[in-house]
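The following exercises concern a single protein chain. Please examine the sequence and the model before reading each solution.

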Amino acid sequence: MANDDYYAEPVEAEPVCQIYSKEDTFTSFVQGLLAAFALASLWVKRQQEKPRRKFLTWFLDVSKQAFGACYAHVLNMIISAIIAENAMGGDTLDDECAWYAINYVIDTTLGL
């Protein structure tokens, strides 16, 4: 009697969400689009403020916020990739996007 498992078709691994992939240009496009929306919203806010601050003052405030946001975002991406790659055990969570969401929630609720 033949072993049915021996002749079974190989099971393909289920695709897993990745925060950043060099092969996928869509992820870079989404990152750029979100950055553009964030900066555009700050520009609209500048146009509506009264009295309007000098451009240099506004620019330095925005650059400080942008630097802090980019720093936190990149660190969360790195931490998510490291955790997903090194997850061990029977029930692992190797989904980078889920780890990013967990890191983001912890970061925004508990602070930096």
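**Exercise 1.** Which pattern does the protein chain follow when read along the sequence?

*Solution.* The model is a predicted one. Begin by counting the elements: the protein chain has 3 helices and 0 strands. Reading along the sequence then gives the pattern α-α-α.

**Exercise 2.** Determine what share of the protein chain is buried, and describe its surface and contacts.

*Solution.* The protein chain has 112 residues, and 14% of them count as buried. Its accessible surface comes to about 9,500 Å². Carbon and sulfur atoms account for 64% of that surface. Turning to contacts between residues at least 6 apart in sequence, 42% join residues at least 24 apart.

**Exercise 3.** Is N76 buried or exposed, and which residues does N76 touch beyond four places away in sequence?

*Solution.* First, locate the residue: N76 is in helix α2. Next, apply the cut-off, by which buried means under 20% relative accessible area. N76 has 8% relative accessibility and therefore counts as buried. Finally, leaving aside residues up to four places away in sequence, N76 touches Y100, N103, Y104 and D107.

**Exercise 4.** Classify I79 by its accessibility, and identify the surface patch to which I79 belongs.

*Solution.* I79 lies in helix α2, which spans residues 55-86. The relative accessible area of I79 is 36%, so I79 is partly exposed. Together with F67, Y71, V74, L75, I78 and I82, I79 makes a nonpolar surface patch of about 680 Å².

How values were computed: Residues numbered from 1 in each chain as written. Predicted model: local features only at pLDDT ≥ 70, side-chain atom pairs only at ≥ 80, totals over all residues. Heavy atoms only, no water. Patch = residues over 30% accessible without salt bridge, like charges linked within 9 Å, V, L, I, M, F, W, Y side chains within 5 Å. Areas by Shrake-Rupley, 256 points an atom, 1.4 Å probe, with all protein chains shown as cover. Salt bridge = Lys/Arg side-chain N within 4 Å of Asp/Glu carboxyl O. Helix = DSSP H or I, 4+ residues; strand = E, 2+ residues; numbered from the N terminus. Buried < 20%, exposed > 50% of the residue type's maximum accessible area, 1.4 Å probe, protein only. Contact = heavy atoms within 4.5 Å.
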